[in-house]
Amino acid sequence: MAIQIRSHLTASPNPTTLPRRIDFRQTLRSNMDEEEIVVVYQLDPDHQIWFVDGDGKPAKTIQRNLEVSRADQPVLTRITLQKGPGTGPLTLVEIDQTITDSSGIKIPDSCELGID
Amino acid sequence: MVGSPRGDGLGSRFLARDRVLVGAFLLARLFSASGAAAQDPCAPPAGDTGFAEVSVNLNAGTFNQVLPFDVPVRVCGTVPAGTTSVAVQYVASKTADLSIDQNCKVLAPPGAQLQPATPIPARLDGTTVRVILPPLEAERYYAFCFERRAQVPEGVAARFKMNARDVLDRGFAQVGTGNLSPEQSRQLRNELYQELLEATGADIAIVQGTVFDTGTEYDELRGKFRDQVQKILAPQRRRDRIVEGNPSQGLPSLSEQQRDFNEALNAVHDSPPLAGLAAQLEKNAQADPTLQAMLAGKNLSAALALTRADDDQLALIAQGREPGEAPPDLTSPDQAVTMASRYDDSSAALGSLASLIRKVVDAPAASNLRAGLSADDIAALRGLIDPASGPLAKANNLAFTLSGLAQDLQTSLVERSAALDSLADKVRIEAAGVQVVDGSTTGNFATSQSNYISADAGLVFAPELSTGVSYVGVNFYFRPVNKNADLSQFGSFSRRFALTLGLTVQSLADGGSGVAQTRDNLFGNQSLILGGGLRVTNSLRVGTGAVVFKERDPNPLVGKYSLTTTYYFTLSFDLNVARVFQGGLGSLFGG
């Protein structure tokens, strides 16, 4: 019913050129044997870096549903990023992650991606 | 490092005192070992160097003598170890109000400027610096700026690292996003630059292409050091989002999570069936050693204590504190660890309580565990541990979550601190490669303000008397004159012309040996020379004027003498009177 972050979100490759599919990794655990969670990745709405959603369209928010167990569980999420309209150029971009557990409690994580 | 400029316009008074001191110093030197002079790198050379040799004390901002004029000046001084170059500028003024500050800014008089536009480079030999100045003008006041460049010493760079870390810590804390903007970077670099100047005591640092460069074309924080910046901003942003939350993302702050936990704890605490269960279990435990041992366990005893806690105690538990403790410092990794441990304990206690309640509600109706509990009580207890809506389940989840957040906070703080250390070390290395510039200024020093007076000796020829004799006299110039100055370069009329007052050495009187006397000397055997002349070389001069003597009345019956004059021409040597007393007759022809 609740989630803890055991190792923080990282992005790879980092730094990177865009467009590029980025691997986001972290390790989570639950206080239940199995727990459904919702993971939302968000980018600042004003700058020039965008996610690419499942339909190939630029997006500032990407959502993934995951299942987490009581044991430490490495999680890998692959999301493509690209440049689009917005302020820039950026040399670093912040990627925010919000995890919502099955009881509705939200916890944050984030990472920085260097842009070449 | 910076001299003490004297902007009080009292240069000449200071010089008078200085001369006394120098005189005393020279007397003392007569009795000192000659080896001492050899140890002074700025001791004047024995031979004629062609320069006026002057020593400067850059710490005191003083010269060792009145500044010479009309001749090249070689200034010698010592600079701190590590100096890589020295250059000199000066400002001149006809008025004594000349003033220059420690940063080589001319304060007075208005319009005065440092010259030359390109500073004069000095020659550096270890810690001894020598620079040749162009001839200075007489009757002027001068102040000098010695611009010194040096590498930042390792020790200073090491001390600077700590200051740089503080600057980076404060500066990055102001960055509210993970995206360091060009302006934020420029501001941080500027603060580092100012801190570098502060640490080195320098006026300027040559920082082009370094992390201290605040120009737009060099942005090392967003370039070469981007990875280090990333390692600071990433944990900083995690910490910020944990502590502050983000309303636009629906993310609660840490204090909001703690408030929710407190509410859930209160809901558990306020449950009458739970209070009844606790009372009943404790009553039953008196007759049941097994139950007594179970309730005495760490987690269950803590859980049952929750049911007896007051509001303040519950609030402290929700904040991860114990009674008497100050609110946790959310910038302290150690306190974050303590918070995490407290939430772990709370989670374990709430989990044990939930397990106990589950045992009770799942126990047969005739079980001792359910003694004294009604069906409504059982239903209410079941509601407490309902995974979806039960306050006990919620409190347990929040304790687990808050433990995780506190651990995240601790790792974020540690990672950020380590990244700051790493970047500060790289900044230290950059600092050690930087050249810093500081200015040492002298006070207001004057060249000679006195008109020149020289001795004159030579031959005087009076055509009307058809005689020539030698004479000695004194030349009065109308300005200071430096006899060492080259007349071909500094040969203005005022430097050559002087009025002459003298006496003939031989008699101009005639007569004797049967010849009638027609003239006599003005005084005894000397007549007066009054005139003027021009130096044609440094010491040879020609002149003309009037010889004053006595003339006998042309009437042979009258033996009376009267004053009269006749013109003359002279060829003479212009002698330096002062040197007679300083250096003997050999220096008479010197400056």
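Which residues of H6(B) are buried?

1. First, the ground rules. This is a predicted model, where local features need pLDDT of at least 70, side-chain atom pairs count only at pLDDT 80 or more, and totals for chains, interfaces and linings use all residues. Residues are numbered from 1 along each chain as its sequence is written, while chains are lettered from A and ligands numbered from 1 in the order in which they are written.

2. On to the opening question: B:Leu254, B:Gln257, B:Gln258, B:Phe261, B:Ala264, B:Leu265 and B:Val268 are the buried residues of H6(B) (20 or more other C-beta atoms, placed from the backbone, lie within 10 Å of a buried residue's own). Looking down the helix axis, they fall within an arc of 120 degrees, so they line one face (the arc is that of the directions from the axis to the C-beta atoms). An α-helix has 3.6 residues a turn, so residues three or four places apart point the same way.

3. Those buried residues pack against several helices of chain B, including H5 (226–244), H7 (272–285) and H13 (391–432) (contact: C-beta atoms, placed from the backbone, within 7 Å; helices are DSSP runs of H or I, at least four residues, and strands runs of E, at least two, numbered from the N terminus).

4. Over in chain A, four strands make an open antiparallel sheet, ordered S6-S3-S8-S9 (pairing takes at least two DSSP bridges). S6 (61–69) and S9 (106–114) are its edge strands. S8 (residues 92–100) and S9(A) pair over nine bridges, and A:Gln97 sits opposite A:Asp109 in S9(A).

How values were computed
Buried ≥ 20, exposed ≤ 12 C-beta atoms within 10 Å, placed from the backbone. Contact = placed C-beta atoms within 7 Å.
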